[in-house]
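Hi everyone, thanks for coming. Let me put today's structure up on the screen.

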Amino acid sequence: MDKKKPVIVRFYRFKNRLKEKTAGLAPGQVGISPEALQAAEQALTKMAEDYPDWVSGLIVKLQEQHGRCVDTPEKRRECFEEIHRIAHDMKGQGGTFGYPLITVFADSLYGFTYQRDAISDSQVELIKSHLDAMRAVIRGRVSGNGGEIGEKLTQSLNDAIQKYTD
Amino acid sequence: MTDYDFDRVNILLAEDSPFIRSLLVNSLKVLGVGNVFAVEHGGDAIHFLQRVKNEPMKVGVQQIDIIISNWDMHPIDGMMFLRWVRRHKDSPDRFVPFVMITSYTEPERVLQAREMGVTDMLAKPFTIKNIGEKLINIIERPRQFVHTKDFFGPDRRRQKLEHDGPERRVLTDKSEGVEIIRG
C-alpha cells in the first residue's frame, strides 16, 4: 500500500456564484453605471445633513465624561478610555461630510487620550479645549478647512495644547 | 454597460455607530442591494449567523453573500468576528467575503486582518464610490481560498506578476501534498 503524503496545502476553488447572482448569464460588460453612483452619492449628501446633529450628540457625551473627570479624579483613567473611544468614532467620517476640522480635532483628542497613567488637571482642561473647538465648528457650520475661522480655531487649540503640555 | 443587479444579494453589516450604520445601510440600498441585515457588534453578528444556519426560514435568509464589519466595536470587535467566521465550527460559511471597515491605516493592522483571512478593507472616511469598488472587486475578482497549517483565508497573493527569474515556488497544483477542492 502506498503511503499517502500528508496534505500541506488545500486550495479551494469555487464557481463564482455571486457573479451569477448579480450579473446573470448575460454576456457583455457589467458594472455600476456613473448614473447609479451619482444617485447614490446624492443620497449620501442628503444623509450628511444630519451629520452635525450626530456630532453634537457625541460632544454632549464627551462633555459628560469631562465632567466626571473634574468631579471624580479617581475615575479619570476610565473616563479617558471612554473619551478615546468616542473620539475614534468621531474622527472617521468628518471628511466625508464636509467637516474635516472635526476629524482633525477628534484625531488630536484621540491621540492624547491614549493610555495614560497619571492624568493631570491640565490634561483634563485640554479635553475642554477640544470640545470648545468642536462645538465652534458645528455651531458655525464651519465646513471645509474653514478658511480664516478654521485657522483661528486650529491655532487656539494648538495654543491650548502648548500651554497645558508644558 | 449593464448595471449589476444586487437585488438578490444579502449583506450582513456589523457597525456600532448608529449614524454610520444607517449611512451604510442607505448607501447599500441606493446601490440596489436587496437585503441588508444590520447589527450592532460582532456578538450580535455571530448570533445572527447562527440563526441563519439553524433557522433560515425564520430569519428569512438562506445565505449571507457578503459581510461588512467595522473593526473597532464593543464588546466583540471585527477581528474576533472575522476569526469566528473563518475558523469556528458553527460558522455557516467559512468562505464568505468579509470586508473590514477601519480608520486605522497602519500597515500592521492591515496585515493583521489579512492574516486572519479578511477579503478586503474599507478605509474611513469612505465614499459611495469606494463601497461600489469593493463590491465589484468581490464579484469580479474572487480569490481561491488557501488552507495551510497556519493560515486559512483568501489567497494573500492578489496579482500574478511576471518575473524574469526561475520559478522557485515549491508547490504547484500537481505537487504532492497539494489538494485542490472545487465546488
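I'll talk about aromatic rings, then charges over rings, then cysteines.

Quick ground rules: this is a predicted model, where local features need pLDDT of at least 70 and side-chain atom pairs count only at pLDDT 80 or more, while totals for chains, interfaces and linings use all residues. Residues are numbered from 1 along each chain as its sequence is written, chains are lettered from A and ligands numbered from 1 in the order in which they are written, and side-chain values use heavy atoms, with hydrogens and water left out.

So, rings. Rings of Phe, Tyr and Trp (its six-membered ring) pair if their centres lie within 6.5 Å; planes under 30 degrees apart are stacked, over 60 edge-to-face, and the rest tilted. Searching the whole structure gives 15 aromatic pairs over all chains. One of them is A:Tyr12 with A:Phe14, a tilted pair with 6.1 Å between centres and 45 degrees between planes.

Next, charges over rings (NZ of Lys or CZ of Arg within 6 Å of the ring centre and within 35 degrees of the ring normal). B:Arg94 lies over the face of B:Phe152, 4.4 Å from the ring centre. B:Arg156 has its charged end over the ring of B:Phe151, 3.6 Å from the centre.

Last one: how many disulfides are there over all chains? Zero, with a disulfide being a pair of cysteine sulfur atoms within 2.5 Å. For A:Cys69, the nearest cysteine sulfur belongs to A:Cys79, 4.0 Å away.
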